[in-house]
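The following note collects comments on the structure shown below.

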Amino acid sequence: MKAVADRKDYKRGYLKHYTAYKMLVNEDSTVSSRRLLLVYSVECGLKYKLLEKWRLLSIANVIQNAQDKRGKVLGSHDLRILLKELGQEGKFHLSPIKTVHREIIAIKDFHQICRYGINVKNESLNKMQQNENELKKIAEWLKEVI
C-alpha cells in the first residue's frame, strides 16, 4: 500500500529536501545523496502543484480509484509525466543515463541511480550533471510558483 500524503506533506517535502540539497552542494563525497534529495524535492514539489491544480487535498481518493488517471500520475516517479500534466514538458530537458551495467535508465528511474550509488558510464557523466542542473531549474521554478 502506498503512503497517503496531502498537499502540506508534499510542500514540506519539497522545501526540506531542497534546503538539505543546497546545504550539501559543496560536498563531493555526497554527490549521489545530494542528487537524491534534489530528485525527491522536485517530485514532491510537482505533486504539490498537481494537487493544487486539481483542487485535491490528498492523493487518498484518486489512488484508490483505478479509473481516475490522476492516481496513476500522482503515484509515478516519472518527472516528465508530472511536468507534462503541469504544462511544463518542453521547458526542461532530462536525459536517460547509461550505467556501467549496460542499462539505459530513463528519468522515471533516475532516483534509483542516486539511491543505490550506481556508477554510470563515462559518456553519461556530463548527462548526470546536466540532469542535476535541469532539476535545479525545476526546483527554482517551483520556488517561484509555490
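1. Is Lys49 buried or exposed? The model under review is a predicted one, and in it Lys49 has a relative accessible area of 13%. The cut-off for a buried residue is under 20%, so Lys49 is buried. The residue belongs to helix H2. Leaving aside residues up to four places away in sequence, Lys49 touches Leu86, Leu142, Val145 and Ile146.

2. Lys49 also takes part in the packing of H2 against H7. The axes of these two helices come within 9 Å and cross at roughly 40°. Angles of 35 degrees or less than that would be a separate matter; here H2 and H7 are therefore oblique to each other. Their crossing is left-handed. On the H2 side the contact is made by Arg34, Arg35, Leu38, Val39, Val42, Gly45, Leu46 and Lys49. Sorted by class, the contact of H2 with H7 contains eleven nonpolar, two polar and five charged residues.3. Helix H7 (residues 125-145) has a further contact, with helix H1 (residues 7-23). The two pack at an angle of about 130°, and their axes are 12 Å apart. H1 and H7 are therefore oblique to each other, and H1 passes H7 in a left-handed crossing. H1 contributes Tyr14, Tyr18, Tyr21 and Lys22 to the contact, while H7 contributes Glu132, Lys136, Ala139, Glu140, Leu142 and Lys143. By class, the residues of the contact of H1 with H7 divide into five nonpolar, no polar and five charged.

3. In the pair of Tyr14 and Tyr18, the ring centres are 6.0 Å apart and the planes stand at 15°, so the pair is stacked. Tyr14 and Tyr18 are four residues apart in helix H1 and are thus separated by about one helical turn. Both Tyr14 and Tyr18 are buried. Together with Tyr21, they form one aromatic cluster.

4. Another pair consists of Phe92 and Trp141. Their ring centres are 6.3 Å apart and their planes lie at 55°, so this pair is tilted. Phe92 is located in the loop between helix H5 (79-85) and strand E1 (97-98), and Trp141 in helix H7, so the pair ties together parts that are 49 residues apart in sequence. Phe92 is buried, its relative accessible area being 11%. Trp141 likewise counts as buried, at 18% relative accessibility.

5. Which value does phi take at Arg55? It is positive, near 55°. Arg55 lies in the loop between helix H2 (31-53) and helix H3 (60-64), and it counts as exposed at 75% relative accessibility. Arg102 is not a glycine either, yet it has a positive phi of about 65°. Arg102 is found in the loop between E1 and strand E2 (104-105). Its relative accessible area is 75%, so Arg102 is exposed.

6. Ser32 is placed in helix H2. Is Ser32 buried, partly exposed or exposed? With a relative accessible area of 27%, Ser32 is partly exposed. Residues up to four places away in sequence aside, Ser32 touches Cys114 and Gly117. Ser32 and Gln112 are 80 residues apart in sequence, and their C-alpha atoms are 9.9 Å apart in space.

7. Asn26 is found in the loop between H1 and H2. At 68% relative accessibility, Asn26 counts as exposed. Asn26 and Lys108 are 82 residues apart in sequence, with a C-alpha to C-alpha distance of 26 Å.

Notes: Residues numbered from 1 in each chain as written. Predicted model: local features only at pLDDT ≥ 70, side-chain atom pairs only at ≥ 80, totals over all residues. Heavy atoms only, no water. Axes fitted to C-alpha atoms, helices over the stretch in contact; angles between N-to-C directions. Parallel < 35°, antiparallel > 145°, perpendicular 65-115°, else oblique. Left-handed = near helix turned anticlockwise from the far one by under 90°. Contact = heavy atoms within 4.5 Å. Nonpolar A, V, L, I, M, F, W, Y, C, P; charged D, E, K, R; others polar. Phe/Tyr/Trp six-rings, centres within 6.5 Å; stacked < 30°, edge-to-face > 60°. Buried < 20%, exposed > 50% of the residue type's maximum accessible area, 1.4 Å probe, protein only.
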